[in-house]
Amino acid sequence: MNWMIPIAVELEVLEYSKVFHVVGGKMQYTIKFKSAEDIERFVRECTHYQGDVNVYDGSIMVDGKSILGMTSLDITHVLNIELISDYKSEHIHFSELMATL
């Protein structure tokens, strides 16, 4: 059985994403998606997380696990993405995902 250990960690800064801060299990990144396929992959991966994934385009916020919400955003903009999770494994996987987009 795969047990998830709750912990907040600071991870290295990745290409095309920037860790603003890690506080109480919250990590924030900025990203500009390159294609609709990247958004589809992002949503598919995020649906596996127990934590929340919020995506901000200015004052608009959508659920990062929602394909409908994500496709309503303008992908030409730089977006702010926030992962809220107490599980180290989710933060590690999310950082790896962000590095590949």
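Asp57 touches Leu73, Asp74, His77 and Leu79, leaving out residues up to four places away in sequence (contact means heavy atoms within 4.5 Å). This is a predicted model, so local features need pLDDT of at least 70 and side-chain atom pairs count only at pLDDT 80 or more, while totals for chains, interfaces and linings use all residues. Residues are numbered from 1 along each chain as its sequence is written, and side-chain values use heavy atoms, with hydrogens and water left out.

**Around Asp57**
- Asp57 sits in strand 3; helices (H or I, at least four residues) and strands (E, at least two) are DSSP runs, numbered from the N terminus.
- With a relative accessible area of 14%, Asp57 is buried (buried means under 20% relative accessible area, exposed over 50%, partly exposed in between, with a 1.4 Å probe and protein chains only).
- The side chains of Asp57 and His77 are joined by a polar contact of 3.1 Å (a pair of N or O atoms within 3.5 Å; within protein, one must be able to donate a hydrogen and the other to accept it, and residues adjacent in sequence count only if both atoms are side-chain atoms).
- Asp57 and Asp74 are 17 residues apart along the chain, and their C-alpha atoms are separated by 8.0 Å.

**Strand 3 and its partners**
- Strand 3 (residues 52-57) pairs with strand 5 (residues 79-84) in the antiparallel sense over five bridges (two strands pair if DSSP finds at least two bridges between them), and Asn54 stands opposite Glu82 there.
- Strand 4 (residues 60-63) also pairs with strand 3 in the antiparallel sense, over four bridges, with Val55 opposite Val62.
- The hairpin of strands 3 and 4 has two residues between the strands, and Gly58 takes a positive phi near 70 degrees in it.

**The nonpolar core**
- The largest nonpolar core has 21 residues, and Phe33, Phe42, Met70, Ile81 and Phe94 have the most contacts inside it (a core is a set of buried Ala, Val, Leu, Ile, Met, Phe, Trp, Tyr and Cys residues joined through side-chain atoms within 4.5 Å).
- Strand 2 (26-31), helix 1 (36-46), strand 3, strand 5 and helix 3 (88-100) each supply at least two residues of this core, and the largest share, four residues, comes from helix 1.
- Beyond its neighbours within four places in sequence, Ile81 is in contact with residues including Phe33, Phe42, Val53 and Phe94.

**Helix 1**
- Asp38, Ile39, Phe42, Val43 and Cys46 are buried in helix 1.
- These residues lie on the same side of helix 1 because they cover an arc of only 135 degrees around the axis, taken from the directions from the helix axis to the C-beta atoms.
- Their cover includes strand 3, helix 2 (67-71), strand 5 and helix 3.
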